[in-house]
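Keep the sequence and the 3D view side by side. The report below goes through cores, a helix, a pocket and some backbone angles.

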Amino acid sequence: MAAGPVAVAGRQLRAGSQGRLQPLYLLADSQLLFWKRGDRLLLRSAIDGLAGNAPLSAAYIGASNGDRPEFYDIFEAAMETIGIGDRRMVTSSFGADDRAFLERARVIILAGGDVRLGWNIFERTGMAEVIRARYTQGAVLIGISAGAMQLGLHGIVENPDSSATELIDVFKFVPAIVDTHDEHSEWARLSAAIETMEGRATGLGIPSGGGVIVHDDATVEPLRRPALEIRYEGTGVVHSLLSPAED
């Protein structure tokens, strides 16, 4: 992989970070926003690492789904479970009030939808740079479906001029190509992308109802359901199942 060796479940995934970065939460869908590991909500564990006694603020970024209110309602319900009342949808227009809120948000959720649509909006409005800054400053980032893919090395998107897919540059916080809830096709899309890269990237497939945590010590922790690591070796791709710890 171009950004350094990728490893999962205790092996090195990404190059050493600078400063104190919070773990990244990559979820296939919204189920894990309400999931308990043992008797503790995953979201509660996610915010426990945030330092300071100031009230927490949470931003929902719905650019990838056109700011659809029904998906924001899911976010609101999830934040209610962990007592975060200072919350806001940061809209695709990204006006001054949205920017000011995002610049102080300590929890940021990147919603699902269309990877290319969301990424184009992030870049055009300057939202991408604010998200990068918040991550390096210690905010918790949670990507759901397309949002999880946008946290990876490249986003897999449909090519409008053909039936093939293409790869676009995204945040690169996780130096692996991430795909979600495509287990029904046995991860054909992700496998094809990794084969095309010929060893320059590793793939991480997150099934429906599952997720992974990418920790600051460069390990990946599968959640709830086994994830899949896809590597290019020699003349083809190799799939390795990554099992979560017992809950």
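## Nonpolar cores

The largest nonpolar core has 55 residues, and Leu26, Ile61 and Leu102 touch the most other members. A nonpolar core is a set of buried Ala, Val, Leu, Ile, Met, Phe, Trp, Tyr and Cys residues joined through side-chain atoms within 4.5 Å. Buried means under 20% relative accessible area, exposed over 50%, and partly exposed in between (1.4 Å probe, protein chains only). Helix H5 (residues 127–136) supplies the largest share of this core, five residues. Helices (H or I, at least four residues) and strands (E, at least two) are DSSP runs, numbered from the N terminus.

Leaving out residues up to four places away in sequence, Ile61 touches Val90, Leu102, Ile108, Ile109, Leu110, Ala111, Phe122, Met127 and Ile131. Contact means heavy atoms within 4.5 Å. A second, separate core has 29 residues, among them Leu32, Leu33, Leu41 and Ala46.

## Basis of the model

This is a predicted model: local features need pLDDT of at least 70, side-chain atom pairs count only at pLDDT 80 or more, and totals for chains, interfaces and linings use all residues. Residues are numbered from 1 along each chain as its sequence is written, and side-chain values use heavy atoms, with hydrogens and water left out.

## Helix H7

Leu190, Ser191, Ala193, Ile194 and Met197 are buried in helix H7 (residues 188–197). They lie on the same side of H7, because they cover an arc of only 160° around the axis. That arc is taken from the directions from the helix axis to the C-beta atoms.

The buried residues of H7 pack against strands including S8 (154–158), S9 (165–169) and S10 (177–180). Just after H7, Glu198 takes a positive phi of about 50°.

## Largest pocket

The largest pocket holds about 240 Å³ of space. A pocket is an open set of points on a 1 Å grid over the protein atoms alone, where a 1.4 Å probe fits, with protein on both sides within 12 Å along at least five of seven lines; lining residues have an atom within 4 Å of a point. The volume is the space filled by probe spheres set on the points, which are joined across faces, edges and corners.

Of its 16 lining residues, Ser30, Phe71, Ala111, Gly112 and Ile144 are closest to the centre. Helix H2 (residues 69–81) gives the most to the lining, with three residues.

## Positive phi in loops

His181 is not a glycine, yet has a positive phi of about 35°. His181 sits in the loop between S10 and H7. His181 is partly exposed, at 32% relative accessible area.
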